[in-house]
Structures are given as C-alpha cells and as structure tokens.
Amino acid sequence: MKARDVAKRINARAIKINAGGARPRPGVDRYPSGQIRHDQRQAKETEADIMQTAIAQRLRAGVPMQSVRSQLAESPLGRLALTGQITVMQYEAGRRYARTTARYHALMGVPSPWPRPVDLDGGPTGRSNKPEPEPDRVAEIKRDYADMRREILDLEISSVYHGTGKALYDVILLEHEVESNVAVLGNLRSGLNKLARMWGMTPA
C-alpha cells in the first residue's frame, strides 16, 4: 500500500474517532486530527461577499446604484446626502459637528460613541497616539464645543425642533438610520442649518 493511501486511511480514521463514530460532514476542511480548520472556513467569506452585503444594504436605503461604492454611502449622513435628503452644506456641517465633538471627547477622556474610529485631524486617532495639546489648543477645543452646544440648545428652546440635539447625536455619532422618520429628519436638517450658519458656511 502506498504511503499516500496509508495517510488517507489514518486521517479518515482520526476523523471518525474524533467525531464519535459519526460520518464527517462533506466539504469541511480538517486537520489530520479531525478538527475543523476554522481559518479556512472563515476565509471563504471573501471581500467581494462583504461588499455585496454592504451594497444590498445601501440600495435598501435608497442609494442610487451608481453611488453605492461611494465613501459617502458608508454612513447614514452620507447616504442622506446621496439621496438628496440633505444638502452638501448640511453634510459638511454634520462632518464638522462630528469632528468638534470627537476632539472634545478625546480631550476630556470620554469614551467614543462611534461604531468606528474617527479621524480628528487626518492622522492617528485616540489620546494615546497624540501628545497632550497646548493650553491654547485646549481652550480652543472647549470653546468650539461650547459654542456648538449653545447653538443647538438655543434652537431647541426657541423653536419646535426640540429633538435637534438627539437627532444630531443619533444620526451622526451613533450612525442610526433615519429611515422614514420625518420628525428626526426635520430636527436633523434644522440643527445642521443652524450650525452651518454659525460656522459661516454657504450653499455649494
């Protein structure tokens, strides 16, 4: 009997013993001991499979087919811009809101609510990756955040958009989908317009 055939029989016997006498499942890669090769099984989910799942989700959110691979399509705020539910100016105000909040949270040591890392200044994220900011920079970060929060609170007090702060936080920071919630979208738009005016932004 050839060595190759012997090895096959040994492997088959090992699989049978480890499976308690049960027949091994076909199409499953195993080590000679009979254990399943989990790394091989996980590797079968390719990058293409992951992208197809993401594309399907974006299409369900109303993103046009020609834009499903756009970087904007990766977040709820970007998808709202791609589907025309918010303007470019509102989208940019939302991004600045995220950066301002992220810098303040990093400064104060507040755990990040974001589902993924946020690039604060085009470089590494997190307090451990950057030196402590200078006192002037600390004061600037605190002032920017306080000004932003004041504008949001003023809007909530003086208008019907009482849920503006929650809408901004949930959609931009927690990346919750707006879906068909008209009230959330209205609060979001109002808050973004208020912040855009404060920052001197103009429609593109």
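## Helix α6

The expected span of a helix is taken here as 1.5 Å times one less than its number of residues. In this predicted model, helix α6 runs over residues 135–158 and holds 24 residues, and the distance from its first C-alpha to its last is 34 Å, which is close to the 34 Å expected at 1.5 Å a residue.

The relative accessible area of Asn187 is 12%, and because buried means under 20%, Asn187 counts as buried. When neighbours within four places in sequence are left aside, the contacts of Asn187 are with Tyr161, His162, Gly163, Thr164 and Ala167.

## Leu185 in helix α8

Leu185 also belongs to helix α8 and is likewise buried, its relative accessible area being 10%. Not counting residues up to four places away in sequence, Leu185 touches Leu80, Gln85, Ile86 and Val178. As for Leu168, which lies 17 residues from Leu185 along the chain, the C-alpha atoms of the two leucines are separated by 9.6 Å.

Technical notes. Residues numbered from 1 in each chain as written. Predicted model: local features only at pLDDT ≥ 70, side-chain atom pairs only at ≥ 80, totals over all residues. Heavy atoms only, no water. Buried < 20%, exposed > 50% of the residue type's maximum accessible area, 1.4 Å probe, protein only. Contact = heavy atoms within 4.5 Å. Helix = DSSP H or I, 4+ residues; strand = E, 2+ residues; numbered from the N terminus.
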